[in-house]
Amino acid sequence: MKLRLFLWLMRRLRPITTVAAAVACGWTLLVPGPLYESREWPLLFILAHSIAITSALGRFMTPQFAWLHGRGYSRAALWSHTMAAAGAGALAVWIPAALIVATPARSFVHDRLFTSPYYPIMQPRDAIEIWQWLWTYLALLPLMAYGWIRESQPTRGMMGGWLLVIAAIIAGFSMLNITRPGEFPRELVNGAYGLAALICLIAGRRLYRALEVRR
Amino acid sequence: MHRYTFVLIQFVFLLLILFAAVYAAKRLWSRSAGRDFGPANAPAPSRASRTGESLLILLLGGLTWFLTASTRSTGGMLFDLDQLTPAVARANLAAAIVAGVGVVVCALIALRRTIPAVILAVTLLSAYGFILNSGFDFLGREAAKQQAPIEWTIDLTGTDAQGADLWVNGVHLGKTPVTITIDEFLKRVPFWGAPPETVGEDVLAVPEHFPKWIVERKLTRWIELELPSRPARGAAPGARGPVYYAKARSGDDWGCGYTRGSSQSTFGDEYAYSSIGVTFPGRDRRLETLLDQVRLADYRPSADWLSAFETYGPDGWNSLRKAARDEPRMQEVIDAWADARYGTSRVTDADSAWLVLDRIRREAEANRQYTTSSVAGRAIELIAPMLDPERLATAAVEYIRTARYGGYAYKMQDDGRYEFSYPRQERRGGDGLDEQYPPGAFPVAHAVYAQSLLPDPPAVIQAQIAPALIRWQDKTDIAAALGGGEVEKYILRRDTYRIEPKDFRDRKYLSNYGYINRWFWLGMHLRGQAGRNFRRLHKNQLFELLGKPTIPNVMEGTLSQEPYDLLFANGWGGEYWPRFKARTAGQNQFLKIWWEYLVRMDAPPKMFAETLREAHVDNSELRWALEHNGKLLEPERLRAVADAVEQAIDRDPAIIKDATDDWQRREIKKYLENFRQNDPQYCARALMAQLRGPDRKDGEYPQFAGQWLAEQKPSHPLVGMLEQAPEAALRQKAIPALEARPTPDHRALLDRLAADADAGVRAAAQEAVTRLSQLARRNPKEFAAK
């Protein structure tokens, strides 16, 4: 683990993480009604957050990355630390939001402060939503990172990667929309996207070796 | 232009737009980034990206293909092809193969070029989804539906004689329920056009005795069966299709019914269903004989008796439940049955109780059937107090959490209790039963409900199960009946002071009242102190609701509607009475409804007399009111009401409109006399007096009292009075009734008559005792269903 590299990458995520964590925690704490009734908003937020994370860490054509790639780190180290930083950026937002839901904080606020009819009765049902959020991060981040890496290859057809990523995201969101948590089709979708993320990680790692970085 | 051509043009147009958009985006991107390193002569993508992207297309394209092909709600029937006609199934399969192979081809293309592969895959899969789920009937489903052979199920109702042989127009169609396509039926069964010649010979005259007259029901083995057909446009309502003649036989018994009106047919899109209402007199007699045997055994059934009784299935169960209504010791037979089958008497602790529950769950799963009203249901009620509440709650919550829908899980019975039934799916056409709780969940639900009715119900029901019903299934009505703190918050934190719903999520449909605010309604049904407080605070909303039925007139049956149940259950009948009276005064037969209201609010008898005076109706209105309410009043109140009304009329005959002459007054006296006859004691005394009176030839003499008692009312008070009568002829009339229901009490009376001073009575009673002794000794298997 190269701490300085990791911290450098994390510094690039700091403003995104700060804003995203504030939005995620505020929304999670205050949105009225059970979370399953507003499922689309966390998914859109995670999409936007993933785009922000991967673009902050994947715009290899910027002077900052040209400088980083000239610091003597191996391509393998750069790739693994970029992925780790992306994961840490997502977790830094997911963990506090998940804690708000999983601990009785959200339930307590809505029960005692807002006297919502849905709480405490819906607290266990809210808690299963957070795992879908985490899984969506885990699927989206490698897909999008792959899009950036693929785009920076000195080969033709650079748009192909993005086209595939966009199609995969649209299809994934459609499938999340028509399936219900805990049922076989949803598990299948989650499993397939987990596998897709793994493929993107493996392919992305190999492509990273041929990454083109320019000032 | 043909509509499919139009759709095809649309597709091509969309595809072109997609290509143009991608091309423009690519050009713009390259220009805005000022990039010049991706020229056409640059190296091809690496093997890693080609392989990875190909795998991604295969994986995600395959996933999309699978979900499209298998999601029934969006037309995916690939894994249910057996439910489609062969032509539609072939078209469905072909579309799936083209789309599936297309995905594989796209994955192969991606090994060289990603962009065309992605565009082709997206287009193919979108087209596949469109074909399955668009308004256009690409696969010919609608056309096939119109031409599909209609499966017709013919079954018997009014009896559980499953497996009875069925003949229609002389052709044996098999055992009920018979399922046959209409085409095959028409091929096999000749059309007669006229009733069979033997229709008159097979008439079975069943006499039904009443004290003063006989009614003869004419039943026949030939039942008219209408061929179901799709209602033709413009056909006159009630127009009948071709009529056939059906006969059913169970064992050696021929089914009997009324020639016309005993069968009913319904016609759906893909199925037709006809039910033929018949009884099997021989079978019914054997079942009744079995009940007599268990009476003779002092309600202690032997193993042989139980095995014979079980052959009657639900009919046996229903006959026991019916007998138990006025013969409480029949409950002992039910319990003995539950014990013999499930060993309920050996249940001593939570573990042994759980073993019984587990067995009933497995049986329910295996038979795809469970109902509260069965011997298994009784076993659940017997073991429920011993079941570990925590373990039961865990099982119940797991079912609730994992079930997709729970819509058909339970229903409220007339007595306000919930019944949990998993009906066997016998008809095609889809009641959605395959998407509900599994059958094994129903005994668990029943056990939970039985525990909730205990004097000290386990806290875990309110703490875990009631919230879970709301959390996972939105089953608020049954959750309200279970109650608990979380459920109370869920219901009472709503806007409950309106009776109109604010939006569709607040709606509950109430027959005759339309949509009402469901939170108000749930609060009114909430269990415990919170519910009592709510009802007290929302009394005026209930009154407001009662004033807003969608049907303006209050009619017969109105007072048995749920809002009135609430009114009377909470003791607010008196408070609402002036409003009810004002709203209904002058309506058709309003005295009848007024008195029914007074019956339900438990009003003092003088109120009946006061309302009669106030109503000032003619004697026909009075007659309707007396006839209707005579059946509702308890004997003691009935006597008091009759006295109060009679006194009021005697004091002032003018309270009845136009009751001016003696004939009308005599009629009124007759109505009151008939009203009093609803009291069995009064009726028995009156019949006794008539039996002792001179032999009248005008039809008023109760000459059939003995047969009436034996056939229909063996427990009537008249039986005891006859047995005690000093006249030998009257004592003798009691004997058939005593023999007809040989309960221990009746046998004791028979024994007394067997030692009667009168030789004739003695001989008749001794013969009856001998017959009963012989019956007791006979093997119950002789009376099993055949």
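**Notes on a predicted model**

1. Let's start with B:Val101, which sits in helix H3 of chain B. Keep in mind throughout that this is a predicted model. B:Val101 has a relative accessibility of 47%, so it counts as partly exposed. It also belongs to a nonpolar surface patch of about 450 Å², made by B:Leu93, B:Ile97, B:Val101, B:Val105, B:Ile109 and B:Leu120. Which helix gives the patch its largest share? That is H3 of chain B (residues 86–109), with 5 residues.

2. Now for the inside. The largest nonpolar core holds 103 residues, and B:Met330, B:Ile465 and B:Leu718 have the most contacts inside it. Helix H15 of chain B (residues 459–473) gives the most to this core, namely 8 residues. Apart from that core there is another one of 76 residues, and its members include A:Ala86, A:Trp94, A:Met175 and B:Leu63.

3. B:Met330 deserves a click of its own. If you set aside neighbours within four places in sequence, B:Met330 is in contact with B:Leu291, B:Val294, B:Arg295, B:Tyr299, B:Leu320, B:Ala323 and B:Ala324.

4. Which residue does B:Arg295 form a salt bridge with? The partner is B:Glu327, and the closest N and O atoms are 2.7 Å apart. B:Arg295 lies in helix H7 of chain B (residues 281–296), while B:Glu327 is in the loop between helix H9 (313–326) and helix H10 (330–342) of chain B, so the pair ties together parts that are 32 residues apart in sequence. Are these two residues buried or exposed? Both B:Arg295 and B:Glu327 are buried. For context, a search of the whole structure turns up 47 salt bridges over all chains.

5. Another pair to look at is B:Asp565 and B:Arg600, whose side chains meet in a salt bridge at 2.9 Å, N to O. This one also links distant parts of the chain: B:Asp565 is in helix H21 (residues 562–569) of chain B and B:Arg600 in helix H23 (residues 590–600) of chain B, 35 residues apart. B:Asp565 is partly exposed, at a relative accessible area of 31%. B:Arg600 is partly exposed too, with 31% relative accessibility.

6. Further along, the side chains of B:Arg637 and B:Asp602 form a salt bridge at 3.1 Å, N to O. B:Arg637 belongs to helix H26 (residues 635–651) of chain B and B:Asp602 to the loop between H23 and helix H24 (605–615) of chain B, so this pair ties together parts 35 residues apart in sequence. B:Asp602 has a relative accessible area of 54%, which means that it is exposed. There is a network as well: salt bridges with shared partners join B:Asp643, B:Glu646, B:Asp650, B:Lys669 and B:Arg676.

7. E5(B) and E6(B) form a hairpin, with 4 residues between them. Within this pairing, B:Ala205 stands opposite B:Lys218 in E6(B).

8. Some backbone details are worth checking. Which residues does a cis peptide bond join in chain A? They are A:Tyr119 and A:Pro120, with omega about 15°, and A:Pro120 is in the loop between helix H5 (105–113) and helix H6 (123–151) of chain A. In chain B, the peptide bond from B:Thr176 to B:Pro177 is cis, with omega near -5°. B:Pro177 lies in the loop between strand E3 (171–175) and strand E4 (178–181) of chain B.

9. Two non-glycine residues have positive phi. B:Arg368 has phi near 55°; it is in the loop between helix H11 (350–367) and strand E12 (370–371) of chain B, and is partly exposed at 41%. B:Gln589 has phi of about 55° and is found in the loop between helix H22 (573–584) and H23 of chain B. With a relative accessibility of 19%, B:Gln589 counts as buried, because buried means under 20%.

10. Last stop, chain A again. A:Ser38 is in the loop between helix H1 (3–30) and helix H2 (40–58) of chain A. At 11% relative accessibility, A:Ser38 is buried. Leaving out neighbours within four places in sequence, A:Ser38 is in contact with A:Trp27 and A:Val31.

Methods. Residues numbered from 1 in each chain as written. Chains lettered and ligands numbered in written order. Predicted model: local features only at pLDDT ≥ 70, side-chain atom pairs only at ≥ 80, totals over all residues. Heavy atoms only, no water. Pairing = 2+ DSSP bridges. Salt bridge = Lys/Arg side-chain N within 4 Å of Asp/Glu carboxyl O. Buried < 20%, exposed > 50% of the residue type's maximum accessible area, 1.4 Å probe, protein only. Patch = residues over 30% accessible without salt bridge, like charges linked within 9 Å, V, L, I, M, F, W, Y side chains within 5 Å. Areas by Shrake-Rupley, 256 points an atom, 1.4 Å probe, with all protein chains shown as cover. Core = buried A, V, L, I, M, F, W, Y, C linked by side-chain atoms within 4.5 Å. Contact = heavy atoms within 4.5 Å.
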